[in-house]
Amino acid sequence: MIKRNLLVIGLAVLLSACGFQLRGTGSTELNVKEMDVSARNAYGETVTELRQVLERSGVNVHAGAPYRLVLTNEQESQRAATYSGGSRSAEYELTTVLDYSIQGLNNLELLTDKLEVRKIYMRDASNITGSEQEANRAREEMRRDLVNAMVVRLQMLTPAQLDELQRKADERAKAQADALEAARHQQAETPQQSPLEVPGN
């Protein structure tokens, strides 16, 4: 059965340019050696597999790390890609979009981005069980693709880049705090009008 992989444009180029090795073919060294990893579903398959891959790549994944990778949202969609005779769907395209952010000290957000992977699988209306197994295999492969793509993104980050992002995040937080304090100070110095007194009859 023919299966075609549709990944985000440029992912294959990015993988080869970074010299990334897929699981089972070697390990990938990351510049960031400590990172916490979390997700809305703390025990979900994607975040669990990502933790394992990072640990095998030499990253110390723990709650007290200076940087935190947060998988904020993972959504899957499905649509019919091609049709066979009688207008019965023969191929389906699965798409998974993973939103994530990296947080630094004081839980300040350093960057946000997303990853997207697609895969087409064959669906036989006369073999529902086999089609479901095929769909599940496609989802497993997509999850591996997401994890591999995330590792590539992390591999491109350096401690110096993260320090610069942290500095900018600190500046934004300070500017917001100063603006809030100025607004409170102005409000405190503004005379408050007394309630109007209505003369009695």
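## A tour from the loop to the core

Start by selecting N107: at 55% relative accessibility, this residue counts as exposed (exposed means over 50% relative accessible area, buried under 20%, and partly exposed in between, with a 1.4 Å probe and protein chains only). You are looking at a predicted model, in which local features need pLDDT of at least 70, side-chain atom pairs count only at pLDDT 80 or more, and totals for chains, interfaces and linings use all residues. Residues are numbered from 1 along each chain as its sequence is written, and side-chain values use heavy atoms, leaving out hydrogens and water.

**Stop 1: the loop**

N107 sits in the loop between β5 and β6. Strands such as these (E, at least two residues) and helices (H or I, at least four) are DSSP runs, numbered from the N terminus. What is the phi of N106 near? It is near 60°, a positive value in a residue other than glycine. The phi of N107 is near 60° too. Most residues other than glycine have a negative phi.

**Stop 2: two tyrosines**

Next, select Y92 and Y121. Are they buried or exposed? Both Y92 and Y121 are buried. Their rings form a stacked aromatic pair, 6.1 Å centre to centre with 25° between the planes. Rings of Phe, Tyr and Trp (its six-membered ring) pair if their centres lie within 6.5 Å; planes under 30 degrees apart count as stacked, over 60 as edge-to-face and the rest as tilted. Y92 belongs to strand β5 and Y121 to strand β6, 29 residues apart.

**Stop 3: T46**

Move on to T46 in helix α2. This threonine is buried, with a relative accessible area of 6%. Show its surroundings: T46 touches L71, E74, L98, R143 and V147, not counting residues up to four places away in sequence. Here, contact means heavy atoms within 4.5 Å.

**Stop 4: the core**

Finish with the largest nonpolar core, which has 36 residues. Such a core is a set of buried Ala, Val, Leu, Ile, Met, Phe, Trp, Tyr and Cys residues joined through side-chain atoms within 4.5 Å. Select L50, L54, L69, L71, M150 and L154, which touch the most other members. Which helix gives the most to this core? That is α3, with nine residues. Lastly, centre on L50: its contacts are V37, L69, L71, V147, M150 and V151, again leaving out residues up to four places away in sequence.
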